[in-house]
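Dear colleague,

Please find the structure below for your review.

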Amino acid sequence: MARVLLIGESWFVHSIHQKGFDSFTTSEYTLGGSEFVTALEAHGHEVTHVPAHEVPTRIPTTVELLRSLADVVVISDVGANTFQLPPQTFSASVADVDRTEVLRAFTERGGGLFMVGGYMTFSGIDAKARWGRTPLAEALPVTVLDRDDRVELPSGMVPRVATAHPITHGLDAEWPALLGLNEVKLKETALGLATCAGHPLLAVGQYRAGRAAAFTSDLAPHWAPPAFLTWSGYGMLFDRTIRWLAREELP
């Protein structure tokens, strides 16, 4: 089974509580993506989770080191600035390796790349994720829009399988409803496997010696509601995607 490096799916919240004349603040840290990690581990994969704030210290700066850690890299809900603006560059004006280029080269040389949607992936909220302006954009099977790309679906929309493929083999033709996704454009060289609300939801493609996939909605709340997370096909969907990216045999 594959060695998976999950990057992102973590956040800090700093809240202001106003009660009449007085106010106070509270802070909270959350490490998300547990449903995804649990599902992959249940299918035998080895998952290492690097939270967003640890990217500058834990993501390798060479392809060789990255390949020693992972067969497939999953980027979920963390923007490109986190990879391109480490503290030494942003605060001290010291040049450093562009980790988005390392991820591109990792894929080019045979690695698996999987970008998962959210407010800070693809283009993201207010276009702040800005993955389309990085070297990694070349490796993705979809084109990232240069604007806020959120498609909010608060009433829920049912995803549908669009193309027969080893990844979607054995999955339901329709999946539990999602509450939103990132709008992207399918590249001519890519294959769209599932759609939601008329938009690409799951796409795959070859990138030189490697493979890449894009899932444009969340793998966890909030766009992925409980019915999707507890769906019997949830683990199968992501297991088969990871195995395809790692070039493992799929029944």
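Buried means under 20% relative accessible area, exposed means over 50%, and partly exposed lies in between, with a 1.4 Å probe and protein chains only. The model is predicted, so local features need pLDDT of at least 70 and side-chain atom pairs count only at pLDDT 80 or more, while totals for chains, interfaces and linings use all residues. Residues are numbered from 1 along each chain as its sequence is written, and side-chain values use heavy atoms, with hydrogens and water left out.

The whole structure contains eleven aromatic pairs. Rings of Phe, Tyr and Trp (its six-membered ring) pair if their centres lie within 6.5 Å; planes under 30 degrees apart are stacked, over 60 edge-to-face, and the rest tilted. Phe12 and Tyr29 form a tilted pair, at 4.8 Å centre to centre and 40° between the planes. This pair joins strand S2 (residues 10-19), which holds Phe12, to strand S3 (residues 22-31), which holds Tyr29; strands are DSSP runs of E, at least two residues long, and helices are runs of H or I, at least four, numbered from the N terminus. Phe12 is exposed, at 57% relative accessible area, and Tyr29 is partly exposed, at 37%.

The rings of Phe215 and Phe238 form an edge-to-face pair, with centres 5.3 Å apart and planes at 80°. Phe215 belongs to strand S14 (residues 210-215) and Phe238 to helix H8 (residues 234-245). Both Phe215 and Phe238 are buried.

Helix H6 (residues 99-108) is mostly covered, with eight of its ten residues buried.

Yours sincerely
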